Amino acid sequence: MVSSQPKYDLIREVGRGSYGVVYEAVVRKTSARVAVKKIRCHAPENVELALREFWALSSIKSQHPNVIHLEECILQKDGMVQKMSHGSSSSLYLQLVETSLKGEIVFDPRSAYYLWFVMDFCDGGDMNEYLLSRKPNRKTNTSFMLQLSSALAFLHKNQIIHRDLKPDNILISQSRMDASDLEPTLKVADFGLSKVCSASGQNPEEPVNVNKCFLSTACGTDFYMAPEVWEGHYTAKADIFALGIIIWAMLERITFIDTETKKELLGSYVKQGAAIVPVGEALLENPKMELLIPVKKKSMNAQMKQLIKEMLAANPQDRPDAFELELRLVNIAFKDSSWDT
Ligand SMILES: Nc1ncnc2c1ncn2[C@@H]1O[C@H](COP(=O)(O)OP(=O)(O)O)[C@@H](O)[C@H]1O
Ligand SMILES: [Mg+2]
C-alpha cells in the first residue's frame, strides 16, 4: 500500500503527470475500486490546474458514460481532510482560489496541501496503448468515434471546452466488456486545461454557446492544436479540430514518436521534407494548404473523408459543431453497418 486517507487505500501508482500522481485505490467501506489523482498544491500552477479540473468536473450535473466521473474531491492539509465544494466559504478552499488568482502561494508553504480527485477507475490504459497493441479493427474504430463525439457533444452542451483532447487523455474501461463482441468504453479524462464558459452579460440564465465563447490562453498539445489556438483566439471549435486529428490518425494508424517520452502516439501531421509538422501549425502558415486525406487508399469512405476535412478546416467557422458532428458520425456508422450485411 502506498499511503492512505481514512476513506481510501492507495494500492499502486498508475500514472504520473507533471502535476500529480494517479493511483488505483479502494474505498475501505465497500472495497469498490476507484482512481485517485493526488495533486500537491505547492506551486500556483498546480493549484490552477487542480481548480480547473475541479470546476469543470463538478459543474457537470449529470453523468455521461464517456466522460470520467468525479465522485468527490478532498482537500487535505497536514492531518486534516475536508470535502471540497464549489463556491465553498471554507478558508482552505478560498486560499486555493486566491493562490490561483494571484499566481503566488498565499498560505504557509511549509504545510502540505493535497487535493484528492476520486474518479471511476479505468482498467484498460489509454487510447494509444489500447489501439496500438491491437490490429486495426473497423468496428472498434466506429465505436470509438461515436463514443468520442457523444462525449464532446455532452461537454459542449455543458459549456465545457476541454482544450487538451488527445489519445493520452482518453482512457479505456474494460470492466463491463463481458461479451466478446462488445467494444470497451472510452472515458474523456484530464480536465486540467479545460474551461467552463460561464454566463455573462444581460441574461445570466441563458445557456452559453461554447462556439461563441472566445478564449485566449494558448494551451494544448502541439500536434492536436488548431491553427487559431496557436494564435491565441479560439472557441470550442478547437476541440473539434483536436478530435479530427485523433479520428484521422485512428482510421489510418498514423503515429509519431514523442520527442520527450519517446512514446509512440496516435496523431496525424504534415510532412515538410524530412520533418513532421503539426497540422494546425502548417495551416496557420498556409490556410489554403490541401490536406492529403486519406493517406492510404480505401481507409475511409467519401463521407468520412469529407467530414475529417471539415473538422480540420483552417477556418473554425467551416468546422461542424459537436452536435452536427455526432449526427453525421451516427449516419456514417449506420450506413456502413447496413452496407456490411
Ligand atoms: N481514472 C483513471 N483510471 C485509470 N488511470 C488513470 C485515471 N486517470 C488518470 N489515469 C492515468 O494517469 C495518467 C495521468 O492522468 P491525467 O489526468 O491525464 O493527468 P496529467 O495532467 O498528469 O496528464 C493518465 O494518462 C492515465 O494513465
Ligand atoms: Mg493527461
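Let's start with a charged pair: the side chains of Lys309 and Glu290 meet in a salt bridge, 3.1 Å from N to O (a salt bridge being a side-chain nitrogen of Lys or Arg within 4 Å of a carboxyl oxygen of Asp or Glu). The two residues are 19 apart in the chain, with Lys309 in helix α8 and Glu290 in the loop between α7 and α8; helices (H or I, at least four residues) and strands (E, at least two) are DSSP runs, numbered from the N terminus. Lys309 is partly exposed at 25% relative accessibility, while Glu290 is exposed at 64%. Here buried means under 20% relative accessible area, exposed over 50%, and partly exposed in between, with a 1.4 Å probe and protein chains only.

A word on the ground rules. This is a predicted model, where local features need pLDDT of at least 70 and side-chain atom pairs count only at pLDDT 80 or more, while totals for chains, interfaces and linings use all residues. Residues are numbered from 1 along each chain as its sequence is written, chains are lettered from A and ligands numbered from 1 in the order in which they are written, and side-chain values use heavy atoms, leaving out hydrogens and water.

A cis peptide bond joins Ile293 to Pro294, with omega at about -5°. Most peptide bonds are trans, and most residues other than glycine have a negative phi. Ser31 has a positive phi of about 65° without being a glycine; look for Ser31 in the loop between β3 (20-27) and β4 (33-40), where Ser31 is exposed with a relative accessible area of 56%.

Asp190 is another non-glycine residue with a positive phi, about 55°. Asp190 sits in the loop between β10 (185-188) and β11 (195-196) and is partly exposed, at 24% relative accessible area. Asp190 also forms a salt bridge with Lys37, with 3.6 Å between the closest N and O atoms.

Now zoom out to the domains. The chain divides into domain 1 (8-119) and domain 2 (127-335), bounds that come from an automatic or database domain assignment. Their C-alpha centres lie 27 Å apart. How many residues of each are in contact? On the domain 1 side there are 16, and on the domain 2 side 19, with contact meaning heavy atoms within 4.5 Å. Between them the domains bury about 1,500 Å², 61% of it on carbon and sulfur atoms; buried area is the accessible area (1.4 Å probe) that two parts lose on being put together, summed over both. The rule finds one salt bridge across this interface. Helix α1 (residues 44-59) gives the largest share of the domain 1 side that touches domain 2, seven residues.

Back to charged pairs: the whole structure has 17 salt bridges. Lys83 and Glu72 form one of them, at 3.6 Å from N to O. Lys83 is in strand β6 (residues 80-83) and Glu72 in strand β5 (residues 70-77), 11 residues apart. Lys83 is exposed at 56%, whereas Glu72 is buried at 8%. Lys7 joins Glu72 and Lys83 in a network of salt bridges.

Finally, Asp126 and Lys263 meet in a salt bridge at 3.7 Å, N to O. Asp126 lies in the loop between β7 (113-120) and α3 (127-132) and Lys263 in the loop between β12 (255-257) and β13 (264-266), so the pair ties together parts 137 residues apart in sequence. Asp126 is buried, at 7%, and Lys263 partly exposed, at 31%.
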